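Hi there,

Here is the structure I promised to pass on. Have a look at it first, and then read my notes below.

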Amino acid sequence: MNLTISGHHLDVSPALREYVLTKLDRVTRHFDQVVDINVLLSVEKLKEKERRQKAEVTLHVKGKDIFVEHSHEDLYAAIDQLMDKLDRQVMRHKDKLQDHHHLAPKRMDATL
């Protein structure tokens with residue numbers, strides 16, 4: 001798994017990097033077929049004051065790219081809410097991969 005954490009108009013401190021890594025552990029615990037993760041943390045200078053801190057994640061899994069972004073006045077809160085969104089999307093993708101919406105012929109005979 002390739003992981004890239006970068007900052008736009010901000011320096012990514014080791015504490016911030018560690019915080020993102022601990023939050024990403026939850027996503028990789030639910031779904032381990034992640035190929036590539038790009039995290040972009042930025043400060044928007046032209047936006048309104050409440051929504052200046054922005055976090056974006058592009059997660060590449062086999063066959064699909066998942067993109068999530070969230071803005072908040074606090075960067076740590078933006079990361080928290082971003083990871084909640086990302087976790088929901090990853091779980092939905094995992095359910096779609098596993099659910100085939102039909103019963104196997106062996107199981108249909110057993111239910112009749």
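**What turned up**

Glutamate 56 is buried, with a relative accessible area of 16% (buried means under 20% relative accessible area, exposed over 50%, and partly exposed in between, using a 1.4 Å probe and protein chains only). Before going on, a word on the source: this is a predicted model, where local features need pLDDT of at least 70, side-chain atom pairs count only at pLDDT 80 or more, and totals for chains, interfaces and linings use all residues. Residues are numbered from 1 along each chain as its sequence is written, and side-chain values use heavy atoms, with hydrogens and water left out.

Back to glutamate 56: its side chain meets that of lysine 54 in a salt bridge, at 3.3 Å from N to O (a salt bridge is a side-chain nitrogen of Lys or Arg within 4 Å of a carboxyl oxygen of Asp or Glu). Lysine 54 is buried too, at 15% relative accessible area. Lysine 54 also forms a salt bridge with glutamate 69, where the closest N and O atoms are 3.4 Å apart. Lysine 54 lies in strand β3 and glutamate 69 in strand β4 (residues 64-72), so this pair ties together parts that are 15 residues apart in sequence. Helices (H or I, at least four residues) and strands (E, at least two) are DSSP runs, numbered from the N terminus. Glutamate 69 is partly exposed, with a relative accessible area of 39%.

Now for the helices. Helix α1 covers residues 14-30, which makes 17 residues, and spans 25 Å from its first C-alpha to its last, close to the 24 Å expected at 1.5 Å a residue (the expected span is 1.5 Å times one less than the number of residues). Leu16, Val20, Leu24 and Val27 are buried in α1. The buried residues of this helix pack against β1 (2-8), β2 (34-43), β3 (53-61) and α2 (75-98), with contact meaning heavy atoms within 4.5 Å.

Lysine 23 pairs with aspartate 80 in a salt bridge, with the closest N and O atoms 3.1 Å apart. Lysine 23 is in helix α1 and aspartate 80 in helix α2, so the pair ties together parts 57 residues apart in sequence. Lysine 23 is partly exposed at 25% relative accessible area, and aspartate 80 is partly exposed with 25%.

Finally, Arg26, Asp84 and Asp87 are linked in a network of salt bridges. Searching the whole structure gives five salt bridges.

Cheers
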